[in-house]
Amino acid sequence: MADNMPTLRKDLQAVARKARLTSAVNDVDSIITKLLEARESIAAGGDPHAASLILTKLQNPIKEGFETVNNDLKAVSKTQKEFGKALDRSFPITSLPTEYDVMQKHPALINRAIAMHLLREGHFDVSRVFMDEARDMASITPTRTVKPKRSEEINTDAPMLDNGLSDAVTSVAANFTPSESMYLQDKFQHMYSILQDIKARNLGSAIEWSRDNSDALEERGSNLEFELCKLQFIWLAKSQSYGLDGDGDEDTDDDEGSPVGNDFGAAFAYARDHFDRFRTRHLAEIQRLAAALVYASNIHESPYATVFETATAFEDLAASFTREFCSLLGLSAESPLYVAATAGTIALPRLIKFIGATRSKRTEWTSANEMAFETPLPASMTYHSIFVCPVSKEQTTGENPPVRLPCGHVLANDSLHNLAKGSKFKCPYCPVEGLTRDAQQIYF
Ligand SMILES: [Zn+2]
């Protein structure tokens, strides 16, 4: 498949070159010009005979004009069709090798995931059209209807999206209501405007947002507000005449190594005005920043050389800002659709191989909600540990969670209840006896 890519790329370039509508548009324009001219001369003349003569004269050129446009379009569609065929040859459509389509049962959830993905990627218009059309489809196809959330519930600043399982399990409320999507669009528009500012090395809006949400951020144990203020301080210090290296795109007109004495300037003023609120939690760091200012003229030889490193600082902060912003909305930092599709793509070759093997051996894959093989996902996609019950050898789930026995051994809840006689059980690993009610659920 990958071998076809260079040829396909060439074909695509040919499409871009040949399948242009420029000549069609020009030919349509010339028809319009002819029609307009005719209209004007008819309007100017006022003679009905002359008018019919003009119209008769117009017939042939217009007919020819349409033929030309048709030919233009034929050429375009021929090129497109050829590319379509090339695509079909390179990527023959094969159905997924499983009869069990988990997605089929949850159109509302899938639509929601797609709409959410578009929203959080900033494609607001596409998302809106998609949601409108999904709603139209839903009104045609009788599926389980969704009780819309009341708009007053939504237009609050409180996060109103359940994250994680509870939402997925109750597929009701899976459809977006218009006000809910407007709420999210509003939020994401705000997020993107702040990200734009960060990219342009302007931290003002991000600091303002983090200050407005400082309680919620504090609750999450987030240092975002301080990190933003810290970078603001460093950035101010760097753009002053301290002989520090800029990032290249920075507006410094000073020569490297030309310190201007102890003029702490804007950075110092900024620290004085803004660092006080972080004193209890970040005193050591603030002291380090202040001390770095003293060494500013000789920073590279000082113990504070790393303080003014900003090579990836803005990108790093943009990433943690996105993470915090999404988490305050009750959302993960990465789009779940992106993660699911990527993980699925990684797993697919193994799935195909596995299905092939079980078919040839005429065995069945019985655990429909569980993959029967390991998928090597990257560390960034590993969110929590999994637990496999040592008795049943099954992976624990929300319905069958792991439980810790009083002796310290851990089993799946179902295994414990299978082992138990009445309310009593004997641990299969150590002979300690206990009561099932003393077993505690474990959360990973
Ligand atoms: Zn035990």
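## Briefing: cores, helices and a small sheet

The largest nonpolar core has 26 residues, and those with the most contacts inside it are Ala206, Phe233, Ile234, Ala237 and Ala292. A nonpolar core here is a set of buried Ala, Val, Leu, Ile, Met, Phe, Trp, Tyr and Cys residues joined through C-beta atoms within 7 Å. Two or more residues each come from α8 (178–199), α9, α11, α12, α13 and α14. Helix α11 gives the most, with 9 residues.

This is a predicted model: local features need pLDDT of at least 70, side-chain atom pairs count only at pLDDT 80 or more, and totals for chains, interfaces and linings use all residues. Residues are numbered from 1 along each chain as its sequence is written.

**Overall make-up**
- The secondary structure comes to 16 helices and 5 strands. Helices (H or I, at least four residues) and strands (E, at least two) are DSSP runs, numbered from the N terminus.
- Of the 444 residues, 14% count as buried. Buried means 20 or more other C-beta atoms within 10 Å of the residue's own; exposed means 12 or fewer; partly exposed lies in between; C-beta atoms are placed from the backbone.
- Among contacts with a separation of 6 or more, 61% join residues 24 or more positions apart. A contact requires C-beta atoms, placed from the backbone, within 7 Å.

**Helix α11**
- The expected span is 1.5 Å times one less than the number of residues.
- Of the 16 residues in α11, 12 are buried. They include Leu228, Phe233, Ile234, Trp235 and Ala237.
- The cover over these buried residues includes α9 (204–212), α10 (214–219), α12 (265–274), α13 (279–294) and α14 (313–328).
- Beyond its neighbours within four places in sequence, Phe233 is in contact with Ala267, Tyr270, Ala271 and Leu289.

**Helix α13**
- α13 also has 16 residues, but its end C-alpha atoms are only 19 Å apart, short of the 22 Å that a straight helix would reach at 1.5 Å a residue.
- A kink of about 40° is centred on Glu285. The bend at a residue is the angle between axes fitted to the seven residues ending there and the seven starting there.
- Leu289, Ala292 and Leu293 are buried in α13. The buried residues of α13 pack against α11 and α12.

**His117**
- His117 is found in helix α4 (residues 107–120).
- His117 is partly exposed, because 18 other C-beta atoms lie within 10 Å.
- The C-alpha atoms of His117 and Ser335 are 5.9 Å apart, although 218 residues separate them along the chain.
- Leaving aside neighbours within four places in sequence, His117 is in contact with Ser335, Leu337 and Tyr338.

**The sheet**
- An open sheet of 3 strands runs in the order β2-β1-β5, with antiparallel pairing. Its edge strands, β2 (410–412) and β5 (440–441), each pair on one side only.
- Strand β1 (residues 402–404) is joined to β2 by 3 bridges. Two strands count as paired if DSSP finds at least two bridges between them.
- Pro402 stands opposite Ala412 in β2.

**Confidence**
- The average pLDDT is 80, and 82% of the residues score at least 70. pLDDT is the predictor's confidence in each residue, from 0 to 100.
- Over residues 143–174, pLDDT stays under 50, and the model has 43 contacts there beyond four places in sequence.
- Over residues 241–263, pLDDT also stays under 50, with 27 such contacts.

Key: Two residues are in contact if their C-beta atoms, placed from the backbone, lie within 7 Å.
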